[in-house]
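Hello,

Here is the structure I promised to pass on. Please look it over first, then read my notes below.

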Amino acid sequence: MTYLQRSNHGRRRRILIPFVIVLVFSLLVVWLHTARSSLVSTPVYFLAYPIWKIEDFTLGKLDAMLTAFASKRQLEEEKNLLEQKLKAAELAAYTADAYRNENTLLHAALNRMGSDPSNFVLAYVLEGPPRTLYDTFIIDVGAKAGIQTGMRVMAEGVVFGEVVEVGGNIAKVRLHSAPGVQTEVLIGEESARVMAEGRGGGNFIIELPKGISVRTGEAVRLSGEGMPAIGIVGHIESKPSDPFDKVYIASPLNIFEVPFVMVGLRVNE
Amino acid sequence: MQQLRFRILADIVLLAGVVFLPWYLLLGLMIAAGFFFPKYYEVLIFGVVRDILYGYAGAWPVFSIVAFAVWIAASILRTRVAFH
């Protein structure tokens with residue numbers, strides 16, 4: 001009896017295709033994690049932009065329609081807004097007028113960007129956490145409005161992020177509180193220079209040597225001359241056996257409810 | 001043909017969802033579609049697009065990895081699990 005020899009072609013293909021997919025995908029994951037090219041992201045932003053705009057428009061209209069029927073919700077929102085304003089006022093009290101005057105004088109002397117509103121671009125938040133999973137914002141201004149990577153992003157006097165990608169009409173902002181992101185800050189009466197690690201959702205943690213005195217409620221500023229606050233000390237965890245204190249910093253801003261931001265102040269400028 | 005139409009519709013919904021749905025809803029839809037449709041390669045594209053849109057260099061592309069896991073799990077389990 002003669003048997004036809006089985007072809008290995010189909011079997012080889014069945015193994016090869018998943019192997020190629022796994023390989024390509026692994027490379028893609030590495031690329032997404034390390035270097036990202038605007039060649040790929042720009043067309044994606046271009047396609048997503050109209051959807052964000054439509055979503056914004058629809059939600060705005062819906063909100064306006066529902067407002068008439070939702071007085072209770074409105075009161076609650078108003079209460080939240082007032083609470084936010086109170087927190088911002090508390091922070092402003094810490095940073096105080098003395099700081100502001102000093103900053104204005106120094107900025108004028110050095111001819112740098114200061115608190116002059118013309119140095120900032122107002123941007124509307126199209127998408128933001130918690131919807132995005134990552135601590136990123138998509139804002140509705142981009143290269144056309146002069147936005148560049150590295151620009152600081154502020155709201156209510158609090159710096160909370162940095163522009164990391166720029167498209168034509170949009171930009172992506174990575175929050176300083178994004179998990180694992182290290183930001184140099186000044187803390188305590190001596191303005192100790194330490195690294196704050198992002199913990200997500202507007203929170204940070206600092207490992208502070210025991211010698212540096214810090215109080216709950218103190219403002220923590222970005223390192224650099226004239227830099228505004230990024231948060232306030234919320235809790236200090238101290239163990240006698242540990243040479244470091246754990247300082248938990250919280251942003252006075254509720255980053256989940258930021259409708260507008262100001263973009264300006266380049267890093268290291 | 002009916003299945004194909006349904007698949008195209010699901011693709012459109014998911015693609016729009018990639019842009020504006022909260023991450024947990026999108027994740028649920030991706031898992032459901034991955035198991036419902038045979039060889040649902042599109043789920044990989046959705047994961048990558050989501051990471052391009054909202055991720056940044058330095059962050060792990062969580063959605064791409066999850067989409068890949070869904071695709072692998074669906075490829076293995078789909079032929080072995082029967083729904084009655």
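A salt bridge here is a side-chain nitrogen of Lys or Arg within 4 Å of a carboxyl oxygen of Asp or Glu. By this rule the count over all chains is nine. Between chain B and chain A the count is zero.

This is a predicted model, where local features need pLDDT of at least 70, side-chain atom pairs count only at pLDDT 80 or more, and totals for chains, interfaces and linings use all residues. Residues are numbered from 1 along each chain as its sequence is written, chains are lettered from A and ligands numbered from 1 in the order written, and side-chain values use heavy atoms, without hydrogens and water.

One salt bridge joins the side chains of E83(A) and K79(A), at 3.8 Å, N to O.

Now the interface. 27 residues of chain B are in contact (heavy atoms within 4.5 Å) with 33 residues of chain A. About 2,700 Å² is buried between them, and carbon and sulfur atoms give 76% of that. Buried area is the accessible area (1.4 Å probe) that two parts lose on being put together, summed over both. I52(B), Y54(B) and Y56(B) supply 29% of the area that chain B buries against chain A, more than any other three residues.

Next, a helix pair in chain B. Helix α3 (residues 42-54) and helix α4 (residues 62-77) of chain B pack at about 170°, with axes 7 Å apart. Axes are lines fitted to C-alpha atoms, for helices over the stretch in contact, and angles run from 0 to 180 degrees between N-to-C directions. So α3(B) is roughly antiparallel to α4(B) (an angle over 145 degrees). Residues that meet there include V43(B) and L44(B) from α3(B), and F63(B) and W71(B) from α4(B).

Best wishes

Definitions and conventions. Helices (H or I, at least four residues) and strands (E, at least two) are DSSP runs, numbered from the N terminus. Angles under 35 degrees count as roughly parallel, over 145 as roughly antiparallel, 65 to 115 as roughly perpendicular and the rest as oblique.
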